[in-house]
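Hello,

Here is the structure I promised to pass on to you. Please open it next to this message, and my notes follow below.

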Amino acid sequence: MKIEIKNIVKSFQRGVNAVDDLSFSFSSGEVVGFVGPNGAGKTTTMRILATMDIPDSGDILLDGHSVLDEPEFAHRSIGFMPDDLPSLGDTTVDEYLDFFGRAYGLRGKALRDAVEGVEEFTSLNTFRDKTLSALSKGMKQRVSLARALVHDPAVLVMDEPANGLDPRARIELRELVKALAENGKAILISSHILSELEEMCTTSVIIERGARVDVEKVAKSLDVWVKIRISGIEPDDARPKLLEIPGVKEVQSGGRFCRARIESGDGHIAALASALVERRLLAVHFEPETGNLEDIFMQVTKGSLA
Amino acid sequence: MKHFTMNPIALRELRQLVRAKTILFGVVIYPMVLFFALWMSLSDALQGKSAVELVAGPGLGSVPFSTISIVTGLIMVVGVPGYFAAKTIREASKDDSRLEFTTLISPTQYITGKLTAGFLLMLVALALSLPFTAVAYLLRGVDLSTALLTPAILLAYAVVSLSIILMMATSTLHKSLKGIAILILLLIVLPMTFTSSGIFAVTELGSSVEAIIVFSTMAVVAATVARAYGASNVAPPYSHRVGPLRRTELILLAADALVIGIGSQIAVPHKFDDYGYLCTSIAAILATICCGRSAFDPEIVSRSFRLTAKAHPRTRILRLLTATGSAPGVLFSMMYMTVALALPLAFLKLDNDFYAVIATFFFEFGGAAVVFGSVARSVARTAKGLKVGFMLFLVAISALNALAVFMAASGGFGDSESALAMPLCIAGIVIDKTRYAHFIWAAITGLSALLISLSSLESSYRTIKRQVK
């Protein structure tokens with residue numbers, strides 16, 4: 001399935017756009033990290049995609065079907081996991097999932113199979129008879145994920161799913177997301193933990209003040225770190241020698257490696273490599289590091305609200 | 001094999017009911033209360049009577065029967081709807097509950113599901129009271145038709161009450177305002193309406209069978225309308241129910257209020273009885289609480305209608321009210337049409353009694369709704385500094401209305417429904433949502449309220465003067 005977000009505009013008051021002409025697309029098997037400062041318009045966009053809001057202008061197409069004109073198609077195709085936890089405290093996990101299965105039109109064996117399937121996938125089997133109020137935050141997140149998956153949607157929209165989870169639960173969530181992507185689901189996921197998004201996402205969309213930021217342009221302008229190990233020279237001793245090389249802006253040493261910061265671009269990297277050879281510094285490890293999501297995020301966002 | 005497809009909302013509600021401690025407690029306590037009521041009323045009836053009197057007399061059953069019917073009626077008409085109202089308001093305040101509308105559940109299914117669960121709970125209450133009713137019947141003094149019809153009528157009332165309460169509980173007003181409105185309805189307005197409509201049916205219609213037919217029809221219509229409004233309230237997307245109005249919308253609505261408010265006072269001859277006023281009061285509250293932004297937004301209504309018509313081509317007209325969130329809008333259109341039809345009658349000095357009654361009903365229905373609704377909403381959204389001024393203004397209007405009501409009770413002709421504006425408006429003030437632009441809207445509609453109040457006061461004065469002469 002191809003999801004196309006087309007020129008979405010949404011304002012809440014006095015002409016300030018929470019989402020301002022936002023466009024991007026993604027397809028089945030992709031995990032898109034949706035990144036932006038607080039108030040950037042991530043949740044609003046996700047709510048529009050999940051049919052919980054309608055935009056002032058623009059549209060979202062799912063394989064060419066508009067979520068505005070054909071909300072039922074969107075309901076069948078999208079599983080939405082909001083940042084709120086399930087609130088029906090006096091309902092058991094099994095009943096909660098059974099209710100949503102029925103709400104999506106499942107009945108009989110198909111319903112039972114779907115509920116048991118998502119319980120197994122999210123490891124909720126042993127908690128199925130517990131009421132939601134008796135669950136930890138991490139387990140409630142799992143229930144929320146199971147609910148979003150119960151009708152086997154082609155698109156999964158997850159708003160801050162790792163919020164408040166402990167490290168183990170985060171790792172497990174990451175594995176679940178990877179497994180879902182391998183099963184062919186298109187996943188849009190927002191999170192503030194950028195390092196984690198980087199590990200599970202195939203691509204990312206950064207927005208600020210409701211508009212998309214041109215990440216490619218920014219990434220090109222970012223400096224590159226090159227991880228270097230010089231044979232026979234300790235990193236601390238190699239540091240001053242590296243700093244003498246033209247183009248090297250900064251050198252960090254630690255462990256067995258040095259990290260040199262130079263301007264991005266193949267020419268600069270090649271120039272550093274040849275400078276090492278000229279100075280008879282025998283590099284046994286030379287690894288340019290690509291700019292990470294956190295660097296890009298910090299570079300492109302100012303933290304201002306829409 | 002075709003699977004039994006029970007409404008998912010009803011099933012969920014029933015599962016929660018089974019687990020709810022309040023309900024379990026109620027089911028245990030309720031028979032005890034009934035037993036106590038039976039015992040008390042019997043001991044009263046037995047006091048000072050000999051065995052001969054008891055055997056030869058008309059029987060002891062009537063007092064216990066009435067007592068049990070009142071207790072059961074309170075549980076069914078007030079208790080069950082109150083429980084569901086509280087539950088629905090609590091659910092609506094959590095964002096998670098809105099996820100239900102990202103599934104294939106329709107707004108109508110949502111309301112119907114809650115109604116079904118409530119109805120089943122009412123049946124439980126009725127079933128628990130039946131042994132006590134049977135005892136009262138066996139004690140003589142109650143005829144069989146009364147013994148059978150009373151529970152049926154109570155059940156019908158209870159369904160109407162639940163429908164109306166659910167409609168309010170799902171409205172987009174602030175939860176404190178909803179709570180106050182529901183309390184007023186449950187404790188004052190609905191019991192009063194039921195009592196007065198019962199008296200009306202018996203005194204005006206004479207035959208009890210005819211009264212029951214009229215009554216049942218009214219109950220079905222009221223419940224259906226309330227259900228349609230409730231569905232209309234919960235029709236997604238929610239943002240359009242709470243979004244501020246645009247300037248053009250404000251101007252159009254202000255024009256509506258002026259036309260309907262003032263037009264009703266000049267166009268329609270006053271031929272209206274007290275019972276009509278009571279109906280009007282209820283209708284005004286209902287319409288006020290139900291009118292959301294969606295009702296006035298042609299874009300939302302037309303988009304919803306287009307989608308509904310596409311999905312359900314055969315029943316598109318029927319579904320218009322429930323699926324598009326446009327039920328209040330249709331009501332307003334109806335009022336407008338009545339104004340348009342009534343104005344020529346007034347100018348041509350034609351006097352048509354039947355039309356006058358119908359038209360007045362719609363005017364009062366809509367005029368009061370527009371005025372009360374808009375004033376309450378506007379005050380709620382007006383800048384904080386202006387709220388005190390508005391409050392004083394509304395107190396003045398209410399004082400005038402109270403005088404009008406007093407004069408009406410003394411034989412005059414007053415706008416009793418206007419007095420109900422007060423609790424709604426005060427509750428509106430509590431809400432802390434400020435929208436400066438609503439000042440204009442509030443001022444214009446407030447002025448309409450003032451004009452109507454003065455007009456009704458003047459009308460009452462004239463009527464009393466005429467009667468004195």
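Let me start with a pair of strands in chain A: β6 (residues 78-81) and β7 (residues 155-159) run parallel and are joined over 4 bridges. Strands pair here if DSSP finds at least two bridges between them; strands (E, at least two residues) and helices (H or I, at least four) are DSSP runs, numbered from the N terminus. Within this pair, Gly79(A) sits opposite Leu156(A) of β7(A). Strand β6(A) is covered on both faces, with Ile78(A) and Phe80(A) buried on one side and Gly79(A) and Met81(A) buried on the other. Buried means under 20% relative accessible area, exposed means over 50%, and partly exposed is in between (1.4 Å probe, protein chains only).

A word on where this comes from: the model is predicted, so local features need pLDDT of at least 70 and side-chain atom pairs count only at pLDDT 80 or more, while totals for chains, interfaces and linings use all residues. Residues are numbered from 1 along each chain as its sequence is written, chains are lettered from A and ligands numbered from 1 in the order in which they are written, and side-chain values use heavy atoms, with hydrogens and water left out.

Next, the cores. A nonpolar core is a set of buried Ala, Val, Leu, Ile, Met, Phe, Trp, Tyr and Cys residues joined through side-chain atoms within 4.5 Å. The largest one has 127 residues, and the members touching the most others are Phe26(A), Leu145(A), Met158(A), Ile187(A), Ile189(A) and Phe84(B). Helix α6 (residues 144-169) of chain B gives this core its largest share, 12 residues. Leaving aside neighbours within four places in sequence, Leu145(A) is in contact (heavy atoms within 4.5 Å) with residues including Met81(A), Leu156(A) and Met158(A). Another core, of 17 residues, lies apart from the largest one, and among its members are Val226(A), Ile228(A), Ile262(A) and Leu276(A).

Further along chain A there is an open, antiparallel sheet of 4 strands in the order β12-β13-β11-β14. β12 (250-254) and β14 (283-289) of chain A are at its edges with a single partner strand each, so one side of each has no neighbour in the sheet. On average, neighbouring strands of this sheet are turned by 20° against each other, direction ignored; axes are lines fitted to C-alpha atoms, for helices over the stretch in contact, and angles run from 0 to 180 degrees between N-to-C directions. Strand β11 (residues 224-230) of chain A is joined to β14(A) by 6 bridges, and Ile230(A) has Ala283(A) as its bridge partner there. Two helices lie across strands of the sheet: α9 (residues 235-243) of chain A runs at about 170° to β12(A), and α10 (residues 266-278) of chain A at about 165° to β14(A).

Asp21(A) is in strand β2 (residues 16-27) of chain A, whereas Asp63(A) is in the loop between β4 (57-62) and β5 (65-66) of chain A. Asp21(A) is partly exposed at 44% relative accessibility.

Finally, chain B has 18 helices and 0 strands. Of its 469 residues, 50% are buried.

Best wishes
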